[in-house]
Amino acid sequence: MPSLCRACLVQFESGARCPACRSPRVLSHPELYSLTTAHMDCDAFYASVEKRDNPDLRDKPVIIGGGRRGVVSTACYIARIKGVRSAMPMFQALKLCPEAVVVRGRMDVYVEASRQIRALMEEMTPAIEPLSLDEAFLDLSGTEKLHGKPPAVMLARLVKRMQDEIGLSGSIGLSHNKFLAKVASDLDKPRGFSVIGKAETAGFLKDKPVSMIWGVGAVGQASLEKAGIRTFSDLLRWDRKDLGARFGSMGDRLYFLARGEDRRRVSAHTPVKGISNETTFNEDTSDPDILDGHLWRMSEKVADRAKAKQIAGRVVTLKLKKADFKLVTRRLSLREPTQMADTVYRTARDLFRQTGDIGPIRLLGVGISELIEEGDADRTPDLLDPDAAKRGKAERATDAIRERFGKDAILKGRALR
């Protein structure tokens with residue numbers, strides 16, 4: 001049985017312990033060295049970064065998110081044992097785990113950690129399809145020829161380097177397609193490495209719940225349950241035509257996934273669809289100064305991310321959630337694409353004014369979409385706003401100062417509201 005020591009990366013035939021270092025962290029599988037599609041998922045990424053940077057948090061339950069009226073961005077595994085989950089209202093999370101330490105997210109730090117991890121991946125393969133800051137698919141079909149070692153060894157080396165050099169852990173799923181690689185990465189978190197081979201696919205999936213399918217949420221599960229479908233075995237009893245008639249385009253996908261088939265390739269060029277930032281207030285507010293200050297800060301964060309990715313957006317979107325939870329969205333297509341905080345803010349502010357008096361607001365968000373490369377952005381002066389060019393130069397100068405001396409080197413007065 002092909003085996004690999006995850007501690008020292010020695011390859012050997014089967015055994016409970018590594019013959020070289022005696023570690024029990026041994027991975028054995030008949031197809032270990034022939035599979036090439038992987039999914040890497042960092043373990044509780046935001047919370048792990050906070051624990052790395054503040055050792056006092058290491059043994060404590062940590063929740064990343066806003067105040068009591070906000071939602072949980074993520075939580076460490078100690079908090080998850082208590083039932084805390086991503087997207088859970090903060091007040092509910094603190095009822096489940098009152099001893100938790102709540103930390104406000106530091107997106108700039110998480111982005112930098114993500115870049116460091118991405119750099120390690122790029123040393124292995126250019127075929128990387130990021131899904132978010134903390135997870136990605138990798139196509140390692142050319143790895144052995146390039147590096148002289150099979151994909152499984154290079155993946156074990158990747159997570160070892162992540163821990164040693166960046167101080168963060170990740171879990172690996174290795175299989176023969178994207179669907180099963182993502183399923184595998186969730187099987188043994190944290191610090192897991194799971195393999196699903198071709199020969200075992202049908203037996204592995206047989207009695208698993210269809211909720212395991214990525215993208216099938218609560219609504220999708222309810223729809224499937226109405227049709228008597230709870231497991232992959234249930235799906236196998238349906239033919240392709242009937243699934244299509246019942247579930248539309250999703251039916252075709254279900255038919256193939258039920259058989260462990262996924263023809264999607266790892267794509268290194270999947271475009272980002274939009275950049276946004278939003279906040280949920282501790283208390284509903286109608287205060288114009290508070291709301292204007294948040295509009296600016298969110299516009300600045302959106303612009304910073306766009307500049308970092310060297311892209312710009314043609315459409316600005318404003319998102320509001322009223323006290324009664326009714327969601328209001330407004331969109332405006334710009335004369336030309338932008339990545340400037342000033343333009344995003346002024347557009348969002350105008351959209352906000354157009355909503356009229358809608359009462360206290362619970363949530364506020366700003367975003368840009370219809371993204372393009374930055375080369376075609378912010379090129380034409382606005383003849384109706386002669387000061388726009390001057391503000392643009394000031395913003396670029398501010399960016400340069402903040403890049404050199406830190407993001408808090410210069411703050412606008414409205415950012416302090």
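Two strands count as paired when DSSP finds at least two bridges between them, and the legends below use that idea for a predicted model.

**View 1. Three strands make up an open sheet.** Welcome to the sheet, where the strands follow the order β6-β5-β7 and the pairing is mixed. At the edges are β6 (72–75) and β7 (101–103), each of which pairs on one side only. From one strand to the next, the twist averages 30°.

**View 2. Strands β5 and β6 run antiparallel.** Here β5 (residues 62–65) is joined to β6 by three bridges. Look for isoleucine 64, whose bridge partner in β6 is threonine 74.

**View 3. A helix lies across the sheet strands β5, β6 and β7.** This is helix α1 (residues 45–53), and it runs at about 115° to β5.

**View 4. Phenylalanine 179 and phenylalanine 232 form a tilted ring pair.** The model holds seven aromatic pairs. In this one, the ring centres are 6.3 Å apart and the planes meet at 35°, so the pair counts as tilted. Distant parts of the chain are linked here: phenylalanine 179 belongs to helix α7 (residues 178–185) and phenylalanine 232 to helix α10 (residues 232–236), 53 residues apart. Both phenylalanine 179 and phenylalanine 232 are buried.

**View 5. Phe45, Tyr46 and Tyr110 gather in a cluster.** Ring pairs are what link these three residues.

**View 6. Two arginines sit over aromatic rings.** The charged end of arginine 259 is placed over the ring of tyrosine 255, 3.8 Å from the ring's centre. Arginine 263 lies over the face of phenylalanine 256, with 4.4 Å to the ring centre.

Technical notes
Residues are numbered from 1 along each chain as its sequence is written. This is a predicted model: local features need pLDDT of at least 70, side-chain atom pairs count only at pLDDT 80 or more; totals for chains, interfaces and linings use all residues. Side-chain values use heavy atoms; hydrogens and water are left out. Helices (H or I, at least four residues) and strands (E, at least two) are DSSP runs, numbered from the N terminus. Axes are lines fitted to C-alpha atoms, for helices over the stretch in contact, and angles run from 0 to 180 degrees between N-to-C directions. Contact means heavy atoms within 4.5 Å. Rings of Phe, Tyr and Trp (its six-membered ring) pair if their centres lie within 6.5 Å; planes under 30 degrees apart count as stacked, over 60 as edge-to-face and the rest as tilted. Buried means under 20% relative accessible area, exposed over 50%, partly exposed in between (1.4 Å probe, protein chains only). A charge sits over a ring if NZ of Lys or CZ of Arg is within 6 Å of the ring centre and within 35 degrees of the ring normal.
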